[in-house]
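Work through the following exercises with the structure in view, and try each task before reading its solution.

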Amino acid sequence: MNMTPVKPADTAVSQRDIRLDFYRGLAMFIILMAHIPGNFLTLWIPARFGFSDATEIFVFCSGMASAIAFGKAFKTRGWLMGTARVAFRVWQVYWAHIAVFLVILTFVSALNHSGTYSKDYVGNLNLWPIVNNTIPNLIGLMTLTYVPNYFDVLPMYVVILAMMPIVVGLKNLHGFFALAFVVLVWIGANTNMLWMPAEPWTNREWFFNPFGWQLVFFTGFALMAGWVPAPPLNKWLAILAIVVVISTVPFAYFRLLNAYPELKSISQDIGFLTKKTDFGLLRYVHFLALAYLAWAVAGTGGRRLRPTEDGVFSRFWKGLLRVILKVGQQSLAVFVFSMAAARFIGFGLDQTGRSAFNVWSANLIGFASLVAVAYTAAWFKSHPWRARPEPKPLSAQ
């Protein structure tokens with residue numbers, strides 16, 4: 001993860017960073033694993049051993065990528081055109097959310113309607129409200145006031161993106177104003193003052209409160225933009241980060257919590273600091289520690305991620321790295337696909353059983369599908385249908 005300040009987001013930032021794409025790519029694979037129902041491999045994802053998880057990686061890296069993607073527009077074309085650029089992205093993400101919701105709703109409804117399967121696939125995702133009472137909940141879907149838990153990452157992203165012009169505008173006035181806004185909004189989320197309704201018939205809020213999660217997004221944005229300096233890379237900070245990461249394990253790892261009631265009691269007592277919905281303070285501290293260690297492991301400019309020798313292992317790593325980077329570069333397309341793919345894979349496992357072989361095979365098929373989607377999306381973005389310019393003939397001498 002790049003924590004080295006580069007050109008500010010209110011100046012031109014356009015280069016890719018291998019560290020950003022690498023860690024975002026890893027997050028995509030972890031997120032797919034986490035979404036597959038009954039996947040025992042989720043017992044070993046980072047979320048089981050600490051307060052933060054792959055969602056923080058995704059949101060943090062999205063903030064960094066946004067500094068690259070939108071920074072140039074804000075600087076070279078002004079605040080209004082930069083806002084228009086962000087609005088277009090909000091439009092894309094919004095419709096991606098609607099599409100993935102309808103695809104999954106159609107799939108699970110078809111399974112229930114077939115009468116072949118005993119499992120309630122619609123109820124498993126808490127989608128009976130829109131099936132049984134379509135009109136008000138369809139309105140809720142389109143206005144983002146009906147957001148079942150499985151579908152709340154993209155709506156969160158929509159709201160955070162919409163906040164970007166505000167933060168950039170405040171930064172143009174003074175850095176303190178942007179910092180104060182981000183912190184106060186986060187405090188508002190953690191004091192239950194700012195939240196988004198998840199369904200019309202209760203007071204339940206979105207599982208991912210965007211007003212809390214914007215803190216990690218704009219942390220990534222500010223670091224990539226150079227608004228705040230990166231911490232120095234030294235062994236004492238690395239040791240401190242390791243201590244933070246290790247010390248959280250007893251209060252997060254379920255086996256320890258089940259074995260020692262005292263730890264479970266403490267974990268419950270500090271729950272307001274680790275809660276996922278509003279992005280509690282200890283989640284933030286834990287993630288910053290992990291991000292610092294990831295930055296240190298990658299090395300300056302990501303030099304440790306690049307193969308340095310020729311050989312079988314080097315060629316293998318080079319190929320694997322190329323695949324991970326491609327997935328990280330096409331994260332929106334990959335994430336949207338993974339949401340639906342996880343439900344298809346879960347259904348497949350329901351039919352075949354969850355033996356170790358079947359689960360491993362299903363995950364590997366899922367990973368291969370993400371890679372295929374990433375390369376396909378990149379191919380379409382290259383506009384291959386455009387005519388290539390004809391080479392100019394050499395002038396006669």
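**Exercise 1. Determine the handedness of the crossing of H9 and H14, and then describe how these two helices pack.**

Solution. Helices here are DSSP runs of H or I with at least four residues, numbered from the N terminus, and the crossing of H9 and H14 is right-handed. A crossing is called right-handed if the near helix is turned clockwise from the far one by less than a right angle, and left-handed if it is turned anticlockwise. Next, the axes of H9 and H14 come within 11 Å and cross at roughly 25°, which makes H9 roughly parallel to H14. The axes are lines fitted to C-alpha atoms over the stretch in contact, with angles running from 0 to 180 degrees between N-to-C directions; under 35 degrees counts as roughly parallel, over 145 as roughly antiparallel, 65 to 115 as roughly perpendicular, and the rest as oblique. Finally, Trp-213, Leu-215, Val-216 and Thr-219 in H9 meet Arg-283, Tyr-284, Phe-287 and Leu-288 in H14, where contact means heavy atoms within 4.5 Å.

The model is predicted, with local features requiring pLDDT of at least 70 and side-chain atom pairs counting only at pLDDT 80 or more, whereas totals for chains, interfaces and linings use all residues. Residues are numbered from 1 along each chain as its sequence is written, and side-chain values use heavy atoms, with hydrogens and water left out.

**Exercise 2. Find the angle at which H7 and H9 pack, and name residues that meet between them.**

Solution. H7 (residues 153-173) and H9 pack at an angle of about 60°, and their axes are 10 Å apart. That angle makes H7 oblique to H9, and H7 passes H9 in a right-handed crossing. Among the residues that meet are Met-156, Tyr-157 and Ile-160 in H7, and Pro-210, Phe-211 and Trp-213 in H9.

**Exercise 3. Compare the span of H14 with its expected span, and trace what its buried residues pack against.**

Solution. H14 (residues 281-298) has 18 residues and reaches 26 Å from its first C-alpha to its last, close to the 26 Å expected at 1.5 Å a residue; the expected span is 1.5 Å times one less than the number of residues. Its buried residues include Tyr-284, Phe-287, Tyr-292 and Trp-295, where buried means under 20% relative accessible area, exposed means over 50%, and partly exposed lies in between, using a 1.4 Å probe and protein chains only. The buried residues of H14 pack against H1, H2 (54-76), H9, H10 (235-248) and H13 (271-274). Just after H14, Gly-299 takes a positive phi of about 80°.

**Exercise 4. Decide whether Phe-337 is buried, partly exposed or exposed, and list what it touches.**

Solution. Phe-337 lies in H16 (residues 331-352) and counts as partly exposed, because its relative accessibility is 31%. Leaving out residues up to four places away in sequence, Phe-337 touches Ser-369, Leu-370 and Val-373. Phe-337 and Ala-96 are 241 residues apart in sequence, and their C-alpha atoms are 9.8 Å apart in space.
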